[in-house]
Amino acid sequence: MIDSFDYVTLQCRFKALKAEVQAFKSGEKYRQIKLLHQKDIHAYERKVQKLQAELSRAHSKAIDIRDQWFQIFEDMQKEYDRKLEELRKINRELENRALKAECQRDEALGKITVLRRQLYETATELEEEKGRNLKLRAQMNRDYENSSMPSSKTIKKKKISNSREKSGRKPGGQPGHKGHGRKKQIPTRPVVVLLPPQEVLEDPDFRKTSKTIKKQVVSIRLVLDVTEYHADIYYNSKTGERIHAPFPPGVVDDVNYAGDIKAFLFLLNNECCTSIDKCRRFLYDLTEGKLNISKGMISRLGREFAKKSEKEIKRSYADMLKAPVMHTDCTNARVNGKNAYVFICAAPNGDAIYFAREKKGHEGVRGTVAEDYQGILVHDHESTFYNYGSGHQECLAHVLRYLKGSIENEPDREWNKKMRSLVQEMIHYKNGLSDDEKPDADKVKEYERRYREILEKAKEEYEYVPPDKYYRDGYNLHRRMEQYMSNHLLFLHDQRVPATNNLAERLLRVYKRKQAQAVSFRSFDSIEFLCQCMSMLFMMRKNEETNVFNRVSRIFG
């Protein structure tokens with residue numbers, strides 16, 4: 001048995017440790033550590049000031065001693081000229097005085113040497129602290145504009161750029177411009193004719209004209225449409241057989257929900273990222289409490305829709321293998337608190353398919369379109385993707401962000417500013433070309449020449465002033481741009497290749513919004529079904545003439 005005193009001691013230690021963990025979670029402990037760090041910095045600064053003051057006093061003292069020694073020498077020289085005989089007599093005394101002065105000077109020089117050594121150590125520590133501060137400042141300033149961090153993970157609000165020039169005109173419709181009114185609908189009820197005012201009826205001077213003012217009130221209402229089937233049972237008295245008329249396809253349970261109800265709940269939960277409880281409550285309120293769908297049925301809609309759309313996804317898989325260019329990327333997912341991954345493969349102006357995987361790397365690529373693809377892959381700087389496809393284009397949007405981060409943390413260097421300007425110029429030039437227009441060969445060569453010159457300048461800058469050991473992102477970026485130059489500039493040689501991987505990133509945000517709403521999925525199968533559903537919905541949305549709700553209703557039906 002545990003002694004009561006030991007139990008109380010363990011309880012106290014447990015409370016203390018729990019309070020310390022809570023302090024780390026709330027951030028209070030980190031603030032205390034930061035305050036202690038600031039105090040250490042102030043203490044080092046005071047120490048440096050103190051050492052500098054001591055060095056100044058020692059230097060002044062040495063100058064005084066040196067002046068005294070020169071004064072003594074001059075006096076001795078004068079005394080020697082005037083009284084040679086007397087100097088011979090007191091020669092020993094002067095030698096002793098000179099030896100004493102030399103000893104004092106040696107002591108002063110020794111102190112100066114010690115102070116210089118201390119000053120060097122202090123300067124080294126100060127340089128070390130500057131490097132650490134640079135690293136911390138770079139980490140604090142990381143956001144969606146200078147790194148691959150998404151905008152939803154940063155405190156700064158995303159800037160909305162507006163390059164339009166102010167015209168000085170008031171907002172809204174301009175004089176002389178025909179307005180765009182609301183579209184009138186076909187009346188579903190008998191037209192209501194309003195009676196003329198009383199003053200018109202009383203005054204015979206008023207005459208009816210051929211003009212009529214028409215105004216509409218548009219509203220919607222939900223009608224619960226229920227069809228009940230009755231089938232009489234017939235009994236065979238000889239065989240004991242019971243038989244009834246067959247029910248229509250899909251009428252299996254006592255109460256069956258049609259495809260439009262399933263499509264409504266499915267789209268609300270998966271595409272609008274609404275929780276299952278809110279979907280149930282919304283439909284319950286719309287039907288005035290008549291429909292109260294179970295949570296299990298709503299959660300099974302994704303699996304049902306995915307299984308019914310497998311053929312179309314396989315057909316899309318085969319079509320994507322024929323595309324000359326394909327985007328690919330992956331993002332994190334959560335399953336019962338564990339990490340998983342969602343891959344995206346998308347063809348420009350084509351289909352897109354999501355894939356759920358438990359791991360990254362080659363195991364994650366296995367089974368996706370990228371595994372068997374033989375065209376050009378557009379992706380971020382993921383080394384795994386370089387083992388697939390026949391050509392590769394890296395996303396220059398990420399390169400621009402990394403260059404901006406280098407500019408902010410290495411303001412003294414010039415290569416990062418020139419390279420960022422060049423990359424923006426190349427992207428602008430490529431975007432200005434029409435679909436059938438090929439890039440000018442001479443202009444592309446000029447861009448490649450400038451690209452190499454900037455990399456040479458970066459090499460010279462880092463050789464002259466080596467990168468700080470606490471911040472090497474700019475140096476690593478320059479090495480990477482030199483090694484993968486052909487993969488950064490492939491879009492200039494092939495009109496079909498885009499400069500960025502924005503298509504894949506935009507499509508992955510669809511999953512991230514669902515992930516933010518769900519927080520964590522209970523099973524890996526749920527993510528797989530969700531990926532198949534998102535792939536199918538993307539194919540539907542691609543065709544603007546398709547009514548997605550009606551199409552989903554037919555699939556469920």
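Reader: Before we look at single residues, what makes a residue exposed, buried or partly exposed here?

Author: A residue is exposed when its relative accessible area is over 50%, buried when that area is under 20%, and partly exposed in between. Please keep in mind that this is a predicted model.

Reader: Thanks! Why is Lys 61 called exposed?

Author: The relative accessible area of Lys 61 is 51%, and the cut-off for exposed is over 50%, so Lys 61 counts as exposed. Lys 61 is part of helix H2, which covers residues 28-82.

Reader: What makes Pro 498 partly exposed?

Author: Its relative accessible area is 24%. Buried would need under 20% and exposed over 50%, so Pro 498 is called partly exposed. You can find Pro 498 in the loop between helix H16 (485-488) and helix H17 (502-518).

Reader: Which residues is Pro 498 in contact with, leaving aside neighbours within four places in sequence?

Author: Its partners are Val 325, His 327, Val 378, Gln 393 and Phe 491; contact here means heavy atoms within 4.5 Å. Pro 190, by comparison, has its C-alpha 55 Å from that of Pro 498, and the two are 308 residues apart in sequence.

Reader: What is the phi of Glu 288, and is the residue buried or exposed?

Author: Phi of Glu 288 is near 55 degrees, a positive value in a residue other than glycine. The relative accessible area is 70%, and the cut-off is over 50%, so Glu 288 is exposed. Glu 288 sits in the loop between H7 and helix H8 (295-308). Cys 273 also has a positive phi, near 55 degrees, and its place is in the loop between H6 and helix H7 (276-286).

Reader: Let's zoom out. How many helices and strands are there in the protein?

Author: The protein has 19 helices and seven strands.

Reader: How do you know that the protein is more spread out than a compact globule?

Author: Its radius of gyration is 41 Å, whereas the globule rule gives 24 Å for 557 residues; the value is well over the rule, so the protein is more spread out than a compact globule. The C-alpha trace spans about 160 × 90 × 70 Å along its principal axes. Of the 557 residues, 32% are buried.

Reader: What makes a set of residues a nonpolar core, and how many residues has the largest one?

Author: The members must be buried residues of nonpolar-core types such as Val, Met or Phe, joined through side-chain atoms within 4.5 Å. The largest such core has 41 residues, and Phe 266, Phe 305 and Val 552 have the most contacts inside it. Helix H6 (residues 259-270) supplies the largest share, six residues. A second, separate core has 32 residues, among them Met 419 and Leu 489.

Reader: Which residues does Phe 305 touch beyond four places in sequence?

Author: Phe 305 touches Phe 266, Cys 533, Met 536, Met 540, Val 552, Ile 555 and Phe 556.

How values were computed:
Residues numbered from 1 in each chain as written. Predicted model: local features only at pLDDT ≥ 70, side-chain atom pairs only at ≥ 80, totals over all residues. Heavy atoms only, no water. Helix = DSSP H or I, 4+ residues; strand = E, 2+ residues; numbered from the N terminus. Rg over C-alpha atoms; globule rule 2.2 N^0.38 Å. Buried < 20%, exposed > 50% of the residue type's maximum accessible area, 1.4 Å probe, protein only.
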